Amino acid sequence: MTVPGIDDRVEEVLDRYRARTMATLLAQLPTGGPRYLYDLVADYPRRSGKGLRAALCLAACRLAGDGDEPDEAAVNVATTVELFHNAFLIHDDIQDGSEQRRGAPTLPAAYGVGVALNVGNMTNLLALDRLLANRDGLGSGTAWQLVEQTRLMLRHSLEGQAIEIGWIRDNACDLTPDDYYRMCLKKTSWYTCIYPCRTGVLAAGGGRLRTDRLDRYGWYLGAAFQITDDVLNLVGEYAAYGKEIAGDLWEGKRTLILIDFLARCTAGERERTVAFLGTPRADRTAADVRWLHRRLTAYDSVEVARRSARELADAALAEGRAVLGDRAGTEDGRFLLGLTRYVVDRPR
C-alpha cells in the first residue's frame with residue numbers, strides 16, 4: 001500500500017533499500033551450526049518489516065555522497081543497523097512478554113525465553129562482525145567512527161529502555177509529556193533515526209550534510225514514529241499492524257496516551273488505573289484492559305497523541321528541508337521529506 005503524502009514513492013524506496021539490505025544480511029549469515037540459532041537469527045529479518053532504518057542509512061549515504069547507488073561498503077553499514085535493530089526486537093519481546101511480531105508468534109513465545117535470548121545475543125555478535133568488516137570497505141578511520149557511533153547509540157537506547165522498564169517496575173503514575181519525550185529520544189529516536197542517518201553520512205565520507213540539523217530531523221521523526229506506534233497499538237487493525245492490539249496496556253507501558261489520561265481523568269478512574277498498573281501482568285484481566293482501552297478513547301487521549309505525532313512530523317519536515325537545501329528534489333531528498341508524512345499515516 002502506498003501512503004499518500006509529499007511523495008507517493010516512499011514505499012517504493014523503502015522496498016528497494018530493504019530488499020537490498022536483507023539480501024545481503026541473509027547471504028552473510030552463517031550456515032549449519034547448532035539447532036535453534038542461525039536459522040532463528042534469520043526469522044525476524046525474513047518477516048515483512050518496514051526496513052526504515054536501513055533505508056534511512058542508505059538514503060543519507062547517497063545524499064551525503066555523490067548521489068550514486070550505495071556500494072557494498074554502504075550496504076554493509078545498513079546491514080549492521082538492521083542486525084542491531086533485530087537484536088533489540090528479540091530482547092524487547094522477552095522483556096515485554098510480547099506474543100506477536102510482524103504477524104507471527106515472537107521468538108520467546110514460539111521457542112521459549114532461553115532460545116530467544118541466545119538468538120538475540122548472537123544477532124548482536126553478527127552486527128559486531130559487520131562493524132569490523134568496515135575496516136576493509138571504508139578504512140580504519142571511518143570504521144572506528146562507526147564503532148563510536150554504535151557505542152553511543154547503544155548507550156542511549158539501553159538507558160531509554162531502563163527508563164521505561166523502571167517506570168513499569170516502580171508503577172510511576174505522575175509522569176509528564178516531557179518525561180515521555182526524553183525517554184523517547186533515548187529509546188527510539190537514537191537507534192531508529194539518528195544512528196542510521198549518522199552512519200549513512202559516515203559511509204559516504206561525510207561533509208555534505210549538516211549533522212546537527214540531521215540529528216534534529218531524526219529526533220523529531222523518531223518521536224513521531226514512536227507515538228504513532230503507541231496509537232496503532234490501541235486502534236490499529238491487527239492484520240496490518242502485526243502485533244497484539246492493546247499489548248501496551250497488558251505490559252503497562254507509559255505512553256503519551258496513558259500520561260494524558262492520568263492527568264485528566266476522575267479520581268475514581270485514576271485510582272482504578274493506578275491499581276491496574278501496579279498489578280503484575282500475569283494477574284491483569286481482559287476486562288480491566290478493555291475498561292482502560294475504552295477510557296483512553298473516551299477522553300480523546302489517542303487523538304491528543306496523534307496531534308503530537310503530527311506536530312513532531314511537521315518539525316522533522318522543517319529540519320529536513322533546512323538540511324537538504326537543493327538536494328530536497330532528489331529521489332532520496334524526497335524520500336526523507338516524505339517519511340515525515342509516512343510515519344504518522346502508516347497502518348503498521
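Where is the place of Arg20? Arg20 is in helix H1, and that's where I'd like to start. Just so everyone knows, what we're looking at is a predicted model.

So, Arg20. With a relative accessible area of 27%, Arg20 is partly exposed. If we skip its neighbours within four places in sequence, Arg20 is in contact with Glu69, Pro70, Asp71, Glu72 and Val75. And here's a pair to find on the screen: Arg20 and Ser308 are 288 residues apart in sequence, and 33 Å apart in space, C-alpha to C-alpha.

Now follow the chain out of H1. Pro30 lies in the loop between H1 and H2. Pro30 has 30% relative accessibility, so we call it partly exposed. What is Pro30 in contact with, leaving aside its neighbours within four places in sequence? The answer is Tyr38 and Leu126. Between Pro30 and Val41 there are 9.7 Å in space, C-alpha to C-alpha, and in sequence they are 11 residues apart.

Okay, aromatic rings next. A pair of these rings is described by how far apart the centres are and by the angle between the planes. How many aromatic pairs does the structure hold? It holds 5. One of them is formed by Tyr36 and Tyr111: centre to centre that's 6.1 Å, with 55 degrees between the planes, and the pair is tilted. This pair links distant parts of the chain, 75 residues apart: Tyr36 sits in the loop between helix H1 (10–28) and helix H2 (38–41), and Tyr111 is in helix H6 (residues 107–111). Tyr36 is partly exposed, at 36% relative accessible area, and Tyr111 is partly exposed too, at 37%.

Then have a look at Trp219 and Tyr220. Their ring centres are 6.0 Å apart and their planes are at 35 degrees, so this pair is tilted. Tyr220 is partly exposed, with a relative accessible area of 23%.

Arg53 lies over the face of Tyr191, at 5.0 Å from the ring centre. And over the ring of Phe276 you'll find the charged end of Arg284, 5.1 Å from the centre of that ring.

On to helix H13. Is H13 largely enclosed by the rest of the structure, or is it largely open? Well, 7 of the 9 residues of helix H13 (residues 256–264) are buried, so this helix is largely enclosed by the rest of the structure. The buried ones in H13 are Leu256, Ile257, Leu258, Ile259, Asp260, Phe261 and Leu262. And what do these buried residues of H13 pack against? They pack against helix H9 (177–203), helix H10 (211–235), helix H14 (267–277), H15 and H16.

Let me zoom in on one residue of H14. Thr273 has its place in helix H14, and at 1% relative accessibility Thr273 counts as buried. Leaving out its neighbours within four places in sequence, Thr273 is in contact with Leu258, Phe261, Leu262, Trp291 and Leu292.

Now for a bit of backbone. Most residues other than glycine have a negative phi. But Arg102, which is not a glycine, has a positive phi of about 55 degrees. You'll find Arg102 in the loop between strand E1 (100–101) and strand E2 (104–105). Arg102 is at 25% relative accessibility, so it counts as partly exposed. Asp300 isn't a glycine either, and its phi is positive as well, about 60 degrees. That one lies in the loop between helix H15 (286–298) and helix H16 (301–324). At 45% relative accessibility, Asp300 counts as partly exposed.

Last stop: a pocket. Rolling a probe the size of a water molecule over the atoms shows where empty space is left. The second largest pocket has a volume of about 160 Å³. Which residues line the second largest pocket? They are Gln95, Asp96, Gln161, Glu164, Ile165, Ile168, Arg169, Glu251 and Arg281. By type, the lining divides into 2 nonpolar, 2 polar and 5 charged residues. Helix H5 (72–96) and helix H8 (140–169) each supply at least two residues of this lining, and the largest share, 5 residues, comes from H8.

Key. Residues numbered from 1 in each chain as written. Predicted model: local features only at pLDDT ≥ 70, side-chain atom pairs only at ≥ 80, totals over all residues. Heavy atoms only, no water. 1 Å grid on protein atoms, 1.4 Å probe; cavity = no way out; pocket = protein on both sides within 12 Å on 5 of 7 lines; lining within 4 Å. Points joined across faces, edges and corners; volume = space filled by probe spheres on them. Helix = DSSP H or I, 4+ residues; strand = E, 2+ residues; numbered from the N terminus. Nonpolar A, V, L, I, M, F, W, Y, C, P; charged D, E, K, R; others polar. Phe/Tyr/Trp six-rings, centres within 6.5 Å; stacked < 30°, edge-to-face > 60°. Buried < 20%, exposed > 50% of the residue type's maximum accessible area, 1.4 Å probe, protein only. Lys NZ or Arg CZ within 6 Å of the ring centre and 35° of its normal. Contact = heavy atoms within 4.5 Å.
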